[in-house]
Amino acid sequence: MSSIKTRQSLGIGESVLRPDGTLKVTGEFAYSSDLYLADMIWGVTLRSPHPSAWIRSIDVGPALAMPGVYAVLTHEDVPGERFYGLDHRDQPVLAIDQVRYQGEPVALIAADHPERARRAAEAVIVEYEVREAVTDPRRAAFDTSCPAVHERGNVLRHQPIRVGSTFEAPVVVTGEYEVGMQDQAFLGPESGLAVPAEDGGVDLYVATQWLHADRGQIAPCLGLPEEKVRLSLAGVGGAFGAREDLSMQVHACMLALRTGRPVKIVYNREESFYGHVHRHPARMRYEHGATREGRLLYVRAEILLDGGAYCSTSPAVVGNAASLGVGPYEVDNVWIDAYGVYTNNPPCGAMRGFGAVQACYAYESQMDRLAEACGISPVEVRIRNAVSQGSRLATGQVIDSPAPLAEMLAELAAMPLPAAPTASDDAGGTDLLNMPGGISQTTHGEGVRRGVGYGVGIKNICFSEGFDDHSTARVRVELIGGEPHVLVHTAAAEVGQGLLMVQEQIARTELGIDTVTVARADTSVGSAGSSSASRQSYVTGGAVRAACQAVRERLDKLRADGSSLVQALELAGAVEETREYRHRPTFPLDPLTGQGDSHTQLALCVHRAVVDVDVELGLVKVVELAAVQDVGRIMNPLALEGQIHGGSAQGLGLALMEEIQVQDGVVRNPSFTDYLIPTILDMPPMRVSILENPDPHAPYGLRGAGEPPTLSSTPAVAAAVRAATGLPLPRVPIRPHDIALNG
C-alpha cells in the first residue's frame, strides 16, 4: 500500500475551478489570434471563387511588384509533398491544376501589414475555366454518368450492416429525413504564428485539436523531418471538431521559411467558414418494423453523407453512422447502407457527435412514428426496446458496461413539466420574453401551442475500428521554494473543455500534492491524440494517472525509511516518469456485414424538450430542456454540467436555426449575421440529472460526456415542435416557413 495519502479536496469528483477560467472571463487570456512578435509579417490566402474549375494560369507578378510584399507563393513553391489529409492525403496544399470547392486555397501572400497583404492577394491574376459542379450527393453516389470529383470515384466509403433475414412485421413505419450542414461556429477564428528556426526548421504556435497529427501532415509538405517542425498549442477559442484538419498551418510555415521572418495568419469570419470542415449534411431513408405492442423486429436504412470536396474524416463518420444507425435499441434484423461521398460542396469532417448526430435524428423520428402507429407513448416505445448491459449492437458488439436506458427514460418522464405561461404582474399581460418572437411582440399568446418531445442518443467514446488510440503523459515531482510541486506535461489540446483542470485533479488525487502545474502542450512530448471523440479525460486522463502512479511508486521507495516527502526529494532531486496509456483494442467493421467490436465505450443521454410554437408565423420558443446522462464517474460536477448545457445548445441550434446555406456549391451565409447560433435568449432553463454507473474498463470508471447531449437534444426539440404543430417536419433545422406555410 502506498505511503502517500491520496487527496480528494482538490481532486477528482470536486468542482475545482479551471486554471484558465479567470483569464478567459476577464479577457486577459491570450488566444492564438493575440500572438505577436516585433518583426513578424502577415500572411493572407487567396481562395477560389468557384466550386469547380480548371486553373489555366496564375500571374503573381502584379502582387509581387507591390511595396511591402515579401512573397507570393503557389503550388509550384511547395517544398515537399503537395498533398495532405487526416485519413487520405487527397487535399493539395495549394490548388494545382483545378479547384474542387469554393474557397479552396490557390496562392499565399506575405506582407508587412494585413491590409497590404489582402490588396496584394486581389492583384494576383488567376484564369479559371469553370466546369460543372457536382453538388447532389445522391447523384454523386449512384449516377454513373456523374463526373468524378476525384479519380478514385465519388464514393468515399460504403459501410453495410447486415444482421438477420426477417424483414416483415405487423406494423411498418417509413420516413425520409434530412440534416442540414451545421458549422462548429467557434468564436476564435483560425490563426497561428510560424517562426523560422536557426536549424532550418520552423516553430509553429497554433490553435489546433491534434498537435502530432498536424506535424505529421505539415513536415512532409515542407520537405522537413518531423523533429524540425515543432508545434506548441496557442490559446484555442473553441473547436468542436473543425480544428482536427489543417487550415493555415502549412501555409504559415511555407511563408516563414521563404521569407525568413515570423509570419502570422488570422482568418476573418467569412474566411473561417471556407477554411474549415463542417458537419456532414445527410439524407436518410428509414423503415422500422415492429409488433403491434411496439417491439422492434427490423430496421432498414440508407444513410447518405455529403463529404464535400475532400476526404477529411468522412470514412470514420460513415462508420459511426452505420454502427449506431439503429440507436440504443434491441433489434434482431438490421439492413443498413451508409455512404460517404465526394461532391464539390464545402469539405465536411469532424463535428461534435461525428456521424451519430445525423443517424440519431432519423431513428428517433422513426421511434415517434412507431409510437403513434402502435398507440403508445413516445417514452414507452423507447423503454420497451431499450438496450441494457449485455445487449448486442447491430454490429454484434456486446454492451459490457452499465447502460440503464430504461431507468433513465423513466426518470426523465417523471420530472415535472414547466408551468403554462402566466400573465406578468408588472406588465398587466403576457410576459413577452416567454413568447415565441420575444420582445418583438409578434404575439401575445394567440396562435401559440405547446409541445413536448423526447430524444435518446448513443455515442461511441474514443477512436474506433482499430485505430491506435493512445496518449502520453510525463509527470515530474520536485521541490520549488522548499515545497513539493507537480509538473504534468502532455500534448493534449485544451480547447475549452476543461482538460487542464482534469489533469490537475488527477495529479492531486494520485500524488496528494496540492501544487500542480500543467505545462503548455507541444510536440516535445509524445502524442496525446486529438481533443475529440470525448476521449481526452479517458485516454490522457489514463496516461496522467499511470505516470503519477509510477512517480508515487518511486517516491514510496525513497521514503521506505520513514523520511518525509520533502526529505526524500531533497535527497533524490526531481522524480519524473513518462507513461503511455491505451484503451482496450477495437476492430474494423467487416466491409460486407458490418460486424465487429468497433467501439471502446458507449455513452447514453436522453432529453425532453418543451416548446411553444407560434403556428401562424412559424416561430419557436424552447421553454425547457431536461436531460439525464450517465457519465460513469463525475470528474468535476460543475464542468460536467457545463458540457451538458453546451452540447444541448448545439443540438438546439441544429434543430431550429443553424445551417450553412449552399446553393450550387456556393456558400450563401458565411457570417454570424446570417448563420445563426443560439444566444442566451434562445437557451431555456435546464433540468439535469447526472448518473454514475462506473465503466469497469475505464480509468476511474469514467465515461466520456461531451458529445452525447448533442445527439439527443436535436430530435427532442424537433419532436416537441411536431407535437405542437401536427406537422411531420422531416428536416432540421426546422425553419419558420416549414411551419407557417404548412400549418
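**Exercise 1. Determine how many bridges join strand E25 to strand E26, and how the two strands run.**

Step 1. Strands are DSSP runs of E with at least two residues, helices are runs of H or I with at least four, and both are numbered from the N terminus. Two strands pair if DSSP finds at least two bridges between them.

Step 2. E25 covers residues 601-614 and E26 covers residues 619-630; ten bridges join them, and they run antiparallel. Within this pair, Cys605 stands opposite Gln629 in E26.

The model is predicted: local features need pLDDT of at least 70, side-chain atom pairs count only at pLDDT 80 or more, and totals for chains, interfaces and linings use all residues. Residues are numbered from 1 along each chain as its sequence is written, and side-chain values use heavy atoms, with hydrogens and water left out.

**Exercise 2. State which strands stand at the edges of the sheet, and which helix packs on the sheet.**

Step 1. The order of the four strands is E20-E25-E26-E29, in an open sheet with mixed pairing.

Step 2. E20 (448-461) and E29 (686-691) each have a single partner strand, so one side of each is left without a neighbour in the sheet.

Step 3. On average, neighbouring strands of this sheet are turned by 15° against each other, direction ignored. Axes are lines fitted to C-alpha atoms, for helices over the stretch in contact, and angles run from 0 to 180 degrees between N-to-C directions.

Step 4. Helix H16 (residues 708-725) packs on the sheet and touches E20, E25 and E26; contact means heavy atoms within 4.5 Å. The direction of H16 makes about 155° with that of E20.

**Exercise 3. Identify the residues that touch the most other members of the largest nonpolar core.**

Step 1. A nonpolar core is a set of buried Ala, Val, Leu, Ile, Met, Phe, Trp, Tyr and Cys residues joined through side-chain atoms within 4.5 Å. Buried means under 20% relative accessible area, exposed over 50%, and partly exposed in between (1.4 Å probe, protein chains only).

Step 2. The largest core has 91 residues, of which Tyr286, Ile303 and Leu370 touch the most other members. Helix H9 (residues 356-374) supplies the largest share of this core, eleven residues.

Step 3. Leaving aside neighbours within four places in sequence, the contacts of Ile303 include Arg283, Tyr286, Ala321, Ile336 and Ala359.

Step 4. A second, separate core has 44 residues, among them Val206, Ala219, Ala252 and Tyr267.

**Exercise 4. Give the share of the protein chain that counts as buried.**

Step 1. The chain contains 17 helices and 30 strands.

Step 2. Of its 743 residues, 60% count as buried.
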